[in-house]
Structures are given as C-alpha cells and as structure tokens.
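Work through the exercises below with the structure in view. Try each task before reading its solution.

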Amino acid sequence: MQNKRGSMIISRTPFRISFVGGGTDFPDYFLRYGGKVISSTIDKYIYVSVNSKFDGKIHLRYSHIEEVNSLDEIKHDIIREALRISGISSGVEIVITSDIPTKGSGLGSSSALIVGLLNALYAYKKCYVDSEFLAEMACKIEMDILQSPIGKQDQVACAFGGFNLLEFNMEGFDLSDLYMESKFSHIKELEESSLLFYTGYTRDANIILEEHKNNISLNKEFLDEIKNYVDVFKDWLCGKSCVTPDRILNNSWQLKKITTPGSSHLETEKLISEIVSIPGVGVKLCGAGGGGFMLVYCPINKQNIVREKLKHLHELHFNFSNHGSEIIYNDNICN
C-alpha cells in the first residue's frame, strides 16, 4: 500500500433520515437485545477537502478558522482525532462545507462529517478504504475515543448510503438493501410523501442522547416497542401490512418522548400537535430531537395544507440517495 500524499482530495458524504428504530442502535441496548433501524440517505451532503500545505502547519476552515502547529492544539475534537487516527500530523489544510446547517440538524451531521473526513484523509495518503472500514473507524472515534453518547446507525448509513434496514448485535451490524426487498412503489410513495422542515431551534444533541443512554435499562419495554415498529414499517414497505407510515411515525414519536423527555420541548410540540391533527399525517423530530429538522409524512393531496401551516419554517426539498461517502475529486487520479 502506497503512502505518498496527494495534493487535493474532496469527499462528499450524505446526510440521512432515520424513519424508525432510533435509540435501539445504542450498544447498551443492542448488545443484549439486538437493535434495528430503517433509514435512508438523502441528496444533501457534507463536503470535505484536504489539501497539502507547504508551511507544515495545520489549517482548518469550518464554522471557525484554526491555524495550529500540532494536533494537540486543534479545538475541533472530531478533526483532531481523525487526523490522529489516520496518521497525518502536519502540512495539511482541511475545509468543510455543507448543504444544510450541521449543528443539531438531526440528520446525522456529526457522523457524516467524520465519515467524510476519514474518507478524504485516507485518500490523501493514497490508502483507499471501503465503507465498512469507514463506519467502524467513525464509531471508534465518536464512541470509544470521544466517548460521545451515541448509537451506531449514523456512521453506517453515511458510509454505505441507500435505503436500508440496519441490524445491530454482538457480532457487529448487518445491512439489508430495502430497494431489493420492498415494493419500489412503496418506497417511491414514501419519498414523495416525506417533507423536511427546519424548526430553527438548535440543541446540544449530546445532552439529549446522554439522557437516553442513561435510561436505557429503565425504558427497555418502550425500546422494544420502538424496535417492533421497524418490522411493521418493513411489512408496509413490502406490501404486507396496512399500518401506514403516519401511524408508525406518530406512535414511535410518542414512545421516544417517554424514553427521552428532552427530545421535545414546548415550541416544537406546538408545531407537531397542529400538524398531526390532519388525518393521514405523521410527524417526528429527526435524530436526537429537541430541534433541528422535522420530518412530516404527508400524502401529496394534503401537502399544501401542511406547507401553509408551516410557512414560517424553511422547507428542505430532497430525494432519497443511494450513494454513501465518495471521493469526488482526487488529484492523484487527475494529474
């Protein structure tokens, strides 16, 4: 394996929507009972460019600018540890840009960043790695090194891409491509009926996730119910169940609020209560909740009603995407 560094690399990594099963992907739960999540990546991305710098320093550009002489001086935890684990310690510039606000989005932004960053850093070293490696190394940094109170679904989803059933157990994880197992018409209906609105509220996801993690043993029966809805949702996708996504989303959201009260607050609950009063509409806050993006499942013939009620919010138009983290520019190839 060559280890000569290239001069410019750009990675593109998708964000994801988690429809059902969130919270069962925490090791405290899945190592004992097994976890399940259904999610899809979308055509909104985080971009990481890595470029060599002649002065030997580390230059970082994200929402802040850093210029340091050593890894230990880096304030951004994820960038620092990704550089450390990939073996790059000097003479590099990293620039991070995104299609959406990344702080507290609920769309897996921290995991998309770390997966995309690792992909770019290893390509910069001419060490080309696969999706499983990216997912595992991202989990190692976030969960083991940084001790973030998170599950494993986001790293896997962002690394592999696609519309998938993710299963977690003591052996690791399994990924099933639901495009292969489900009715395409049902996935298309889900895509056309799914709307995303930015609530404008941001929160520290780690505080909410810490609350969830600490209460897993107390909330085991509710997490079991959440996991059961994964099978119900898959059955609907396969045309084997008449339990529709609006009911699944609404019931799962009520269970999430029981297991993690911090996932919601007064202002977002006002929004949700107004929308779920429309027959056939399902709502949940994405990710840890508390703010960020709100997912609305709404039949096409009622979407104008929803948009009118939420006209004060920014809507994010999107499609499902089958792409995981990719290198979209590589000087090693172009030159």
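Two strands count as paired if DSSP finds at least two bridges between them. Keep in mind that this model is predicted.

**Exercise 1. Find the residue in β10 that stands opposite V283.**

Step 1. Start with the strands: β9 is joined to β10 (residues 293–297) by four bridges. The two run antiparallel.

Step 2. Look across from V283. Its opposite residue in β10 is V296.

**Exercise 2. Work out the strand order of the open sheet, and explain why one side of β9 and of β11 is left without a neighbour.**

Step 1. Read off the order: β9-β10-β8-β11. The sheet has four strands, with antiparallel pairing.

Step 2. Go to the edges. β9 (282–285) and β11 (314–316) stand there. Each has a single partner strand, so one side of each has no neighbour in the sheet.

Step 3. From one strand to the next it averages 30 degrees.

Step 4. Helix α7 (residues 184–193) touches β8 (194–198) and β10. The direction of α7 makes about 30 degrees with that of β8.

**Exercise 3. Describe the largest nonpolar core.**

Step 1. Give its extent: 85 residues. Those with the most contacts inside it are L83, I94, L107 and L196.

Step 2. Find the largest share. Helix α3 (residues 109–124) supplies 11 residues.

Step 3. Follow L83. Among the residues L83 touches are I58, L71, I94 and L121.

Step 4. Look for another core. One of 16 residues lies apart, including V281, V283, M294 and V296.

Note on methods. Residues are numbered from 1 along each chain as its sequence is written. This is a predicted model: local features need pLDDT of at least 70, side-chain atom pairs count only at pLDDT 80 or more; totals for chains, interfaces and linings use all residues. Side-chain values use heavy atoms; hydrogens and water are left out. Axes are lines fitted to C-alpha atoms, for helices over the stretch in contact, and angles run from 0 to 180 degrees between N-to-C directions. Contact means heavy atoms within 4.5 Å. A nonpolar core is a set of buried Ala, Val, Leu, Ile, Met, Phe, Trp, Tyr and Cys residues joined through side-chain atoms within 4.5 Å. Buried means under 20% relative accessible area, exposed over 50%, partly exposed in between (1.4 Å probe, protein chains only). Lists of a residue's contacts leave out its neighbours within four places in sequence.
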